[in-house]
Amino acid sequence: MSGWLRRGRSERRARRADASGGPVLDGPPLATAGAGVAGYRIVRRIGAGERAEVFLATARRAEPPTDARGSAGPADGRTPPAPPAESPLVVLRIYRERVDDRSIALELDAMHVAGDAGMPALLDVAMTGEGARVAVVERIGGVGVAQLIRERSLEPGEAVTLVAPVVAGVSRLAAAGFVHTRLSPGDVQLDSIGRPRLLGLGALRRLPTDDPGAAHALRRESLTVLTEYVEQVAAAVRPSGVFDGPIALARAALEARPFVPFEAELERAVFGAASPAPVSGLPPAREPRLPARVLAPITAEPVAHQAAHPDARPRRRSGVVGGLLELAELPPPVLGQLAESADVDRLGAMGRRASAWFSGRRRPLVVAALIGSAALVLLLTAVPSADGAGVGSTGGAGVPDAASVGSAPDEGDTDDASQSAHGSSEDSSHEADAKAAPDGDGNGDGDGADGAPGGAGPDDAVAAARELLLAREACFADLDPACLASYVQAGSPLADADWERVLAARDGGAGIRPLDVGRIELVTEMGAAVLVRVAGLDDAEPASLLMVRNEAGWRLREIFD
């Protein structure tokens, strides 16, 4: 597990290095989480390169109005003051001291002049009291193209979506007097709506107006890296060969003399090779904001009302039932039984129902018990014992009477009959043993001794729950959505919920609630589904885990907090 975590961290740091334009530097950060920089509050550092360090930040809006006494909210004080609202998340680029002011000015000028080229929007510029130069830009929180083509293959329509806007952006940059000289899949990232955006702005160069030869050389360099970007994206397309025409056109135009820019022709060729389609597998678009950390107070149910209705179920069970009703793969009877098992006071409710049932049927039950006792005594008296000697076959002292002696078979017949009965009993016992353990190990084809499917008992389910919770904690410690498949069932409500929690944790969210994996108990099992309860840390509220078993083993389907 530790090696896997180290590999995940190294890959994540490499992706941050690609996004920031240089290797990750291990020195002290230029700002710390929670600090204020140029009117913005730092959330965390998300990247570091040779030119700048990149931070996720937010700016506080105006505080809520106060009354005459200086306290927020109504004057009667019955409503608690609302927490200060948070603005949407932004990205702060704090440049290092050795970076030239002219390169920073060129980068800011390109974002300002060529705002439609797909670069992040420039929101603000500032200088701190220590002299650090800060640029506040739009946050682009989607997946990078480099990660996308490394993890899976692309459809031809998806490749058009990843290539055509980049070609158009390079053309608009050139029209504004700029070129991008280091355009790679690591410099292109998808935003929340799946549109590719240009990063790596430290590689921007201004086209000289007084030297046409140098301008053509920069244009050729920019289009060379653009062609290489198209080739890398096309290499991930299945079936292959769809974009051979646009690539051949770009290569021929680069070798032609005199050189003529060909962005428009390349864009038309890309659209002619396939029809554009949205990139699949991306998380749904959502407003970039900090997660809410303050909840409204919950009014507790009066104790007198609970005492007046002892059979009322606890209110927290409604959340369990609501979550179980979303499980479309389980039939309604199973859902009802799982909901009953998740009830907090199920033993007490069962005792009350049984007591009420017996109280309403006391007289018939007493009569039935007397009749049953009499029938049992009669049965024990009339039926002969196991050795074949009935009640009337012996005398008072156990000596056989004359009738039994006269009707008894001879000695030879008795021996033959006893041997035959003994052989039949041995054959029956051997057949029963063979049905119970055909493989010689005591494991038959049916269910195990504990009744679990496939021989998986309560201890196996508890151990599997512990392993799945540890894997879940490791995934959230690594903040890698790709490892969710190691513990969650595909297509389940928990898969979507944990995907959103990982993305929120990347934005500074709280992540998941810690649970005590050492205190897990099995609540109920129903076929291939089991429900377990996990205690919370420091006597916190427990959580219920719904697990299902498939070909890959145990997987978490839902967690009811």
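These notebook entries record what I looked up in a predicted model.

**Conventions.** I number residues from 1 along each chain as its sequence is written, and side-chain values use heavy atoms, with hydrogens and water left out. For this predicted model, local features need pLDDT of at least 70 and side-chain atom pairs count only at pLDDT 80 or more, while totals for chains, interfaces and linings use all residues.

**Confidence.** I looked up pLDDT (the predictor's confidence in each residue, from 0 to 100). The protein averages 74, and 65% of the residues score at least 70. Residues 1-25 fall below 50, with 41 contacts beyond near neighbours in sequence; residues 287-318 are also below 50, with 31 such contacts. A contact means heavy atoms within 4.5 Å.

**Sheet.** Strands (E, at least two residues) and helices (H or I, at least four) are DSSP runs numbered from the N terminus; two strands pair if DSSP finds at least two bridges between them. I find an open, antiparallel sheet of 6 strands in the order E1-E2-E3-E4-E6-E5. E1 (36-37) and E5 (122-127) each have a single partner strand, so one side of each lacks a neighbour in the sheet. E4 (90-95) and E6 (133-137) pair over 4 bridges, and isoleucine 94 stands opposite valine 134 in E6.

**Backbone.** I noted a cis peptide bond between arginine 238 and proline 239, with omega about 5 degrees; proline 239 is in the loop between H5 (212-234) and H6 (244-255). Another cis bond joins arginine 257 and proline 258, the latter in the loop between H6 and H7 (263-273).
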